[in-house]
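Thanks for coming, everyone. Let me put the model up, and then we'll walk through it.

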Amino acid sequence: MLLPESMSRVLIVGNRARIESTINALYELGKAHLIDYTGEADPGFTIGKSLPNAPLASDRLIKLRAMGKELGVQEGRLSEPVPAADIRSSIESNAVEQTEKEVWEIVDARNEAVQRISELESLRDSLRPFADLPLSLEDYRGYESLAVLVGKVRSDPAPVLEGMDHELFYSSETNAAAVFVPRERKDEVLQALSEAGFQELQVPSGEGTPAEMLEHIDAQLSDLYAKRDEAEARVEALKEEKLSFLLASEEELAIENDIASTPLRVATSDHSFAMDLWVPTDEAEEFREGLLERTGEALHVDVLETRGRDLHDGEEYGERFAMPPSKSSNGPVGKAYEFFVSLVSTPRYQESDPSIMIAFTWPLFFGLMVGDIGYALIFIVLGWVVMNKAQSPALKSLSTQAFFGGIWAFIFGMFLFGELLGMHFATDYTSDITTTWEAIIAYFVTGFTMPESLMALTINMGKFSDVTTFLKLAVYLGIAHLFFAFLIGFLNVKRQHGAVMAVYEKASFLAVLVGLVMVAYPLTEYLLADVALEGALMAMAGAGALLVVIGGALAFKVEGIAAILEIPAVFGNIMSYTRLTAVALSKAGIALAFNHMAIFLLYLGVGGLVGIGVGFIVFMIGHILVFMLCILSAGLQGIRLHYVEMMSKFFVGGGTAYSPLAINRFNTKAMEKEVN
Amino acid sequence: MDAGLIAIGAGLAVGLAGIATGMSQRDIGAAAVGAMIEDESLFGKGLILTVIPETIVIFGLVLGILLFTTI
């Protein structure tokens with residue numbers, strides 16, 4: 001269950017004339033993970049040539065993708081897939097080329113308008129500062145003895161220019177200034193102007209007064225805006241019309257292109273070809289027979305080896321065959337959690353896939369941190385709805401986690417904490433009457449008490465009043481979690497390098513973990529509960545210390561001094577799980593604060609209709625905020641415990657995902673002969 | 001011992017540890033975001049590296065809680 005599926009290596013050798021039919025058969029079977037031929041020095045073999053239809057297919061594919069980009073077509077799924085045979089016949093009758101002509105005609109019109117608009121807008125912006133100065137554009141140039149300084153200023157430059165020979169035009173509205181000075185005085189004036197915050201501007205080319213020009217530009221622009229809007233509407237309409245053709249033909253051509261370029265990954269000689277494949281062991285024989293049947297027995301198909309999990313297996317075959325692809329053997333729920341593992345790395349063929357473990361414990365941790373029926377129900381409903389609708393793997397995985405996390409949150413909220421939206425149902429350990437549902441309902445319904453049958457279900461543990469119990473619970477969960485992580489690590493190393501190595505590398509740390517716990521338990525009893533360190537407790541601490549020393553020595557033998565440094569890290573890992581308590585407390589604390597405010601408005605302080613209304617709003621806003629915090633903190637802290645504390649104990653990663661040659665259709669429906 | 005002093009000690013334990021965590025996460029987080037812009041598949045690794053210093057504040061919090069329960 002935890003390991004990727006066993007893989008067998010298959011060799012296919014055949015006549016070069018049959019390469020196309022072989023590739024088609026492989027795509028139909030959909031089982032073969034092709035090992036790329038890298039052109040190693042096999043005498044007489046080179047990388048193959050793509051099939052004759054490849055250039056046209058890839059050319060059309062490029063055209064389609066360019067069109068899609070211009071039209072703003074998003075990748076997506078059609079609600080009604082197009083029959084592949086239909087799309088194929090329209091592609092063959094040059095539908096791509098015709099559509100391209102149609103699309104570019106309209107898109108070009110839009111692009112031209114957009115470009116002209118941006119040119120005019122930038123001209124308008126450069127003219128605007130000059131609009132309030134009483135000069136034509138030609139007045140700014142063509143002087144022999146005069147220098148013209150035009151630009152923006154912070155304030156009226158007249159005072160700073162006093163006593164200099166100049167003529168000034170200044171508009172206080174746009175803060176534009178034009179100064180005409182004798183050429184030889186230019187630098188001096190510039191310096192003076194800098195005190196007024198002068199920034200020089202380029203005078204636009206052209207003739208006439210800027211105000212007139214602006215008017216003209218605005219008229220042109222409003223024409224162009226109308227033109228652009230019309231073109232955009234046409235583009236939108238065209239996109240609507242062509243959407244199903246674009247998506248379906250893109251998919252069809254991508255499939256054709258994949259198939260046609262497959263020979264580029266295959267070794268060929270003048271008269272033959274050879275392919276190396278990984279096929280799941282369970283299906284290898286069936287695959288062999290299916291392939292022979294489809295290609296008329298004219299191939300040599302050989303199952304060469306079934307790869308074991310020892311890292312030294314297959315060393316004699318060289319680098320190219322060193323690492324089989326990992327095909328996960330998870331069920332539907334485990335599959336949803338593979339996404340979170342893939343964010344870190346793909347599991348190797350020889351190691352356990354952490355997805356299953358994450359699927360068990362992440363929702364559990366999440367539920368413990370949320371621990372509240374109210375939020376639990378929202379997570380369950382939201383998770384269920386999105387899980388059944390979502391198409392992207394990320395959304396599907398996240399909603400699956402929300403759903404199962406919600407279920408655990410309900411279990412903890414109901415049976416452990418007895419809590420709904422940050423308030424207990426009823427309470428027996430505090431006199432603070434404002435924070436239970438019983439008290440609120442009793443305010444409206446005199447003499448109300450929570451039914452005994454409901455209260456009998458829950459332990460009614462207070463997150464704040466029982467914080468030490470809660471902390472201990474988190475630490476125990478952490479110890480168990482780490483124990484399993486080291487155990488999986490042990491099994492991994494045993495598989496990959498043998499039992500002796502596994503004892504040195506992983507059993508050593510299992511001993512350290514258990515030993516640390518055995519030392520820590522009596523010590524905390526002594527320090528926190530004032531229990532005397534003697535008898536059984538002392539023996540336990542002694543045995544624990546011995547285990548730590550033995551484990552440390554074993555690890556030291558293979559890992560050296562680094563192993564000794566790792567021992568305190570194990571302790572740190574255990575303590576890290578107290579974040580479960582921390583997040584639960586912070587979430588409950590914020591909810592409690594909002595509840596206090598709302599209840600004060602509702603009936604303790606303000607009361608009346610206003611109190612009820614405002615109190616309800618505060619209540620809603622507060623709990624939406626806490627709900628968001630749940631997603632962020634509980635979700636993130638939960639997965640972090642898996643990424644950092646758990647997976648580092650056994651997971652290496654760096655594998656290749658199993659991706660067989662196969663036809664995956666979403667927007668097209670298969671042709672008859674493709675149906676297996 | 002004076003309950004007030006214990007409470008101040010608990011607060012300092014959590015607060016200072018939080019500041020220390022923030023300082024180390026600032027640098028790692030900035031580098032992780034930079035790396036992710038180059039290659040989005042580094043998200044998981046970036047997240048792992050960024051959250052490592054959180055252990056500091058967890059230690060602070062545990063100490064804070066333990067101190068607080070002695071009041």
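First, a cut-off we'll need. A residue counts as buried if 20 or more other C-beta atoms lie within 10 Å of its own, as exposed if 12 or fewer do, and as partly exposed in between. Keep in mind that this is a predicted model.

Look at Asn460(A). You'll find Asn460(A) in the loop between α14 (452-457) and α15 (467-497) of chain A. Is Asn460(A) buried, exposed or partly exposed? It has 18 C-beta neighbours inside 10 Å, so Asn460(A) counts as partly exposed. Its backbone deserves a look too. Phi of Asn460(A) is positive, about 60°, and the residue is not a glycine. For background, most residues other than glycine have a negative phi.

Now go to another asparagine, Asn94(A). This one sits in the loop between α3 (84-92) and α4 (95-127) of chain A. Phi is positive here as well, near 65°, and again Asn94(A) is not a glycine. What about burial? Asn94(A) has 11 other C-beta atoms within 10 Å, so it is exposed.

Next, the inside. In soluble globular proteins, nonpolar side chains tend to be buried together. Here the largest nonpolar core has 92 residues. Met369(A), Ala409(A) and Leu513(A) have the most contacts inside it. Which helix gives the most to this core? Helix α19 of chain A, residues 579-604, with 12 residues.

Stay with Met369(A) for a moment. Leave aside its neighbours within four places in sequence. Its contacts are then Leu580(A), Val583(A), Ala584(A), Lys587(A), Ala634(A), Gln637(A) and Gly638(A). There is also a second, separate core, of 40 residues. Met7(A), Val10(A), Ile19(A) and Leu64(A) are among its members.

On to domains. The assignment for chain A gives three entries: domain 1 is 7-48 + 266-321, domain 2 is 127-215, and domain 3 is 332-649. How far apart are the C-alpha centres of domain 2 and domain 3 of chain A? They lie 70 Å apart.

Last stop, the contact between the chains. Chain B puts in 14 residues, and chain A puts in 14 residues. On the chain B side, α2 (43-51) and α3 (54-69) are the elements that give two or more residues. The largest share of that side, 7 residues, comes from α3(B). And the make-up of the chain B side? It divides into 10 nonpolar, 3 polar and 1 charged.

That's the tour. Over to you.

Technical notes. Residues are numbered from 1 along each chain as its sequence is written. Chains are lettered from A and ligands numbered from 1 in the order in which they are written. This is a predicted model: local features need pLDDT of at least 70, side-chain atom pairs count only at pLDDT 80 or more; totals for chains, interfaces and linings use all residues. A nonpolar core is a set of buried Ala, Val, Leu, Ile, Met, Phe, Trp, Tyr and Cys residues joined through C-beta atoms within 7 Å. Helices (H or I, at least four residues) and strands (E, at least two) are DSSP runs, numbered from the N terminus. Two residues are in contact if their C-beta atoms, placed from the backbone, lie within 7 Å. Domain bounds come from an automatic or database domain assignment. Ala, Val, Leu, Ile, Met, Phe, Trp, Tyr, Cys and Pro count as nonpolar, Asp, Glu, Lys and Arg as charged, and the others, Gly among them, as polar.
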